[in-house]
Amino acid sequence: MQIATISLDQALPVLREYYDDIVSRYWGRPATSAEVDQVLVDEPSDDLLMFLAREDDKVLGCIGLRLTEPPFAEVKRVYVVPAARGRGVGRAMMAFVEDVALAHGAVTMRLDVRDDLVEARALYAACGYVDVEPFNDDAYVGRWLAKDLVHITPVASDDPRLTGLIAALDRDLWDRYNNEDLGPSPTSPDVRFLLACRGVTPIGCAAIQPRGEDVELKRMFVTPEARGTGIAPRLVDAAVALAGDARVILETGVRQPEAIRLYEKCGFTRIPNYPPYDQDPLSVCYALSRS
């Protein structure tokens with residue numbers, strides 16, 4: 001399956017199919033050509049990015065994206081041709097436009113849907129969209145939905161969004177080791193931070209800094225409400241990618257079993273504790289070789 005940008009003129013044939021489908025459902029009878037013509041005028045698509053899903057020369061569906069109200073992006077004109085339904089085309093198109101939205105700086109997706117379009121509602125629920133307050137006054141709409149997108153971006157070490165995350169990391173370590181003097185080891189000026197957000201809400205962070213020929217992974221933290229949702233492995237992967245070809249090393253503690261499981265699942269293996277952790281019985285060190 002390929003999904004690609006198309007012009008509005010190129011989208012017109014499949015848009016006519018889309019409107020024929022939803023107008024027919026609304027009236028409970030086949031829509032007339034004049035009715036489809038009128039709805040194309042009443043609901044113009046010239047402010048949308050339009051995308052078409054294809055398989056070889058066969059059209060599978062279309063989807064539109066409106067980027068006029070940052071930080072929001074609005075999904076429109078979602079349609080899968082009858083012969084392609086049940087094959088994951090809808091989910092693939094939704095994932096595609098979410099990536100497009102992130103690339104344009106949008107972090108929250110929105111859409112609206114009629115109550116009778118049950119297949120569409122099921123698709124949106126499966127893609128993680130939830131009910132929100134109405135954001136337009138469209139009389140035909142029964143549900144307004146939204147989804148905050150998870151995104152991981154490099155940030156400066158003094159980014160204010162890191163403050164609460166680092167403080168929560170400190171408290172977590174104090175609680176686990178019963179030692180308020182304990183804290184993350186210092187970072188150097190060349191440390192590079194990554195921030196994970198859901199929508200505009202910070203939910204995790206990680207950092208890397210050079211350590212000889214290696215790169216050390218530090219400040220790894222995910223908020224409790226975001227744990228178990230796949231954020232931690234994504235942060236580790238992003239940090240490893242940021243490290244380039246260097247071996248990635250890290251230190252964690254025996255009272256952090258979740259962290260140990262995470263790193264081992266991500267391919268890290270135990271190594272002898274390196275300074276200053278070589279005399280600490282509560283520390284364990286890991287490395288991810290790149291060869």
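## The open sheet

In this predicted model, an open sheet of seven strands runs in the order β1-β2-β3-β4-β5-β7-β6, with mixed pairing; strands here are DSSP runs of E with at least two residues, helices are runs of H or I with at least four, and both are numbered from the N terminus. Two strands are taken to pair if DSSP finds at least two bridges between them. The edge strands are β1 and β6 (130-131), each of which pairs on one side only.

Residues are numbered from 1 along each chain as its sequence is written. Because the model is predicted, local features need pLDDT of at least 70 and side-chain atom pairs count only at pLDDT 80 or more, while totals for chains, interfaces and linings use all residues, and side-chain values use heavy atoms, with hydrogens and water left out.

On β3 (residues 58-66), the antiparallel pairing with β2 extends over seven bridges, with Leu65 of β3 as the bridge partner of Leu49. Further along the sheet, strand β5 (residues 108-113) and strand β7 (residues 143-148) are joined in the antiparallel sense by six bridges, and Arg110 stands opposite Ala146 in β7.

The strands β2 and β3 form a hairpin with two residues between them. Asp56, found in the loop between β2 and β3, has a positive phi of about 60° although it is not a glycine.

## A cis peptide bond

Pro275 and Pro276 are joined by a cis peptide bond, with omega about 5°, and Pro276 has its place in the loop between β13 (269-271) and β14 (283-288). Most residues other than glycine have a negative phi, and most peptide bonds are trans.

## The largest cavity

A cavity is defined on a 1 Å grid over the protein atoms alone as a set of points where a 1.4 Å probe fits but cannot get out, and its lining residues have an atom within 4 Å of a point. Grid points are joined across faces, edges and corners, and the volume is the space filled by probe spheres set on the points. The count comes to one cavity of 30 Å³ or more, and the largest cavity holds about 40 Å³ of space.

Its lining consists of Arg66, Thr68, Glu69, Phe72, Ala73, Glu74 and Arg110. These residues divide into two nonpolar, one polar and four charged, where Ala, Val, Leu, Ile, Met, Phe, Trp, Tyr, Cys and Pro count as nonpolar, Asp, Glu, Lys and Arg as charged, and the others, Gly among them, as polar. Strand β4 (residues 72-80) gives the most to this lining, with three residues.

## Salt bridges

A search of the whole structure finds 19 salt bridges, each being a side-chain nitrogen of Lys or Arg within 4 Å of a carboxyl oxygen of Asp or Glu. In one of them the side chains of Lys147 and Glu98 meet at 3.3 Å, N to O. This pair links distant parts of the chain, with Lys147 in strand β7 and Glu98 in helix α3 (residues 89-103), 49 residues apart.

Note on methods
1 Å grid on protein atoms, 1.4 Å probe; cavity = no way out; pocket = protein on both sides within 12 Å on 5 of 7 lines; lining within 4 Å.
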